[in-house]
Amino acid sequence: MQYLLSVIHDKSNSGTAEEMAAIDVFNERLQAEGHWVFAGGLGGPGTATVVDNRGGEALFTDGPFVETKEHLAGFWVIEAADLDVALKLAADGSRACNRRVEVQPFL
């Protein structure tokens, strides 16, 4: 089963050199153990554009969809046998990036 591990942060900065090194080690582990599907870091909320084409004409709005203190800073898409494995990997990822991580299964 695949899971989305969302990295939640309250600042728009990248990780420290130590955090980035720990993330690299974690990513290598995910790949070696067969859990890796895809991962990426994201630009800050100010780099976002919201697209709404529900009304027949696309509307493009600069900035984040919602005003909040926290934002999605990055993510991993992983393959895990079950939720328990995904939660353990998320805990390790949270330690590596020094940020909170939310876990959601893909349907």
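Predicted model: local features only at pLDDT ≥ 70, side-chain atom pairs only at ≥ 80, totals over all residues.

Student: Is Phe26 buried or exposed?

Tutor: Phe26 has a relative accessible area of 5%, so it is buried. Trp76 comes out at 4%, so that residue is buried too.

Student: Now the aromatics. How do I describe a ring pair?

Tutor: You give the distance of the centres and the angle of the planes. There are two aromatic pairs in this structure. In one of them, Phe26 and Trp76, the ring centres are 5.0 Å apart and the planes sit at 80°; an angle over 60 degrees counts as edge-to-face, so that's what we call this pair.

Student: Where in the chain do Phe26 and Trp76 lie?

Tutor: Phe26 is in helix α1 (residues 17-32), while Trp76 belongs to strand β5 (residues 71-79). They are 50 residues apart, so to speak, and the pair links distant parts of the chain.

Student: Which strands pair with β1?

Tutor: β5 is one partner: the two run antiparallel and are joined by eight bridges. Across from Gln2 you'll find Glu79 of β5. Strand β6 (residues 100-105) also pairs with β1, again in the antiparallel sense, over six bridges. There, Ile8 has Arg100 as its bridge partner.

Student: How many residues of strand β1 are buried?

Tutor: Six of the eight in β1 (residues 2-9) are buried, so the strand is largely enclosed by the rest of the structure.

Terms used:
Residues numbered from 1 in each chain as written. Heavy atoms only, no water. Phe/Tyr/Trp six-rings, centres within 6.5 Å; stacked < 30°, edge-to-face > 60°. Helix = DSSP H or I, 4+ residues; strand = E, 2+ residues; numbered from the N terminus. Buried < 20%, exposed > 50% of the residue type's maximum accessible area, 1.4 Å probe, protein only. Pairing = 2+ DSSP bridges.
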